Amino acid sequence: MSNIPANLLQGWKIVIVEDEPDNLEVAAYILEFYGAIVYPAMDGKEGLAVITDTSPDFVISDLSMPSMDGWELIHKLKLNLGDARNSDHRAHRSRYDRGS
């Protein structure tokens with residue numbers, strides 16, 4: 001049994017920006033299991049609109065996506081926020097993203 005409380009994310013609004021449907025589904029399932037309200041988006045352009053509409057508590061984004069990638073999404077969010085002092089941007093790049 002897990003020691004993680006089932007209501008850990010109760011009421012949190014989380015946007016997941018991910019172009020791979022399977023990844024999006026798994027992430028949403030896990031977050032919803034712990035009580036989060038999940039707003040999905042399939043690319044950065046859609047993600048920006050969803051983020052603007054929902055004012056989420058947290059955003060999870062892929063970096064390599066069509067239409068608008070995660071890097072451009074972060075850039076546009078920083079411009080829209082005006083003051084990004086309270087934002088935390090972390091990225092993970094696979095060996096495929098680096099071209100290795």
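Three helices and three strands: that is the secondary structure of this protein chain. Keep in mind that the model is predicted. Now follow the chain along its sequence. The pattern reads β-α-β-α-β-α.

Next, some totals. The protein chain has 100 residues, and 28% of them count as buried. Its accessible surface comes to about 7,100 Å². Carbon and sulfur atoms account for 53% of that surface. What about contacts along the chain? Take those between residues at least 6 apart in sequence. Of these, 61% join residues at least 24 apart.

Let's turn to one helix, α3. It covers residues 70–81, twelve residues in total. From its first C-alpha to its last, α3 reaches 16 Å. That is close to the 16 Å expected at 1.5 Å a residue.

Look at how α3 starts. Which atom does a side-chain oxygen of aspartate 69 reach there? The backbone nitrogen of tryptophan 71, to within 3.1 Å.

Now, which residues of α3 are buried? There are Gly70 and Leu73, then Ile74 and Leu77. Turn the model until you look down the axis of α3. The buried residues fall within an arc of 100°, so they line one face of the helix.

And what covers those buried residues? The cover includes two strands, β1 at 13–17 and β3 at 58–61. It also includes a helix, α2, at 44–54.

So keep this picture of α3. Its buried residues line one face, and β1, α2 and β3 are among the elements that cover them. At its start, aspartate 69 reaches to the backbone of tryptophan 71.

Key. Residues numbered from 1 in each chain as written. Predicted model: local features only at pLDDT ≥ 70, side-chain atom pairs only at ≥ 80, totals over all residues. Heavy atoms only, no water. Helix = DSSP H or I, 4+ residues; strand = E, 2+ residues; numbered from the N terminus. Expected span 1.5 Å × (residues − 1). Buried < 20%, exposed > 50% of the residue type's maximum accessible area, 1.4 Å probe, protein only. Arc of directions from axis to C-beta. Contact = heavy atoms within 4.5 Å. Polar contact = N/O pair within 3.5 Å; in protein donor to acceptor, adjacent residues only side chain to side chain. Areas by Shrake-Rupley, 256 points an atom, 1.4 Å probe, with all protein chains shown as cover.
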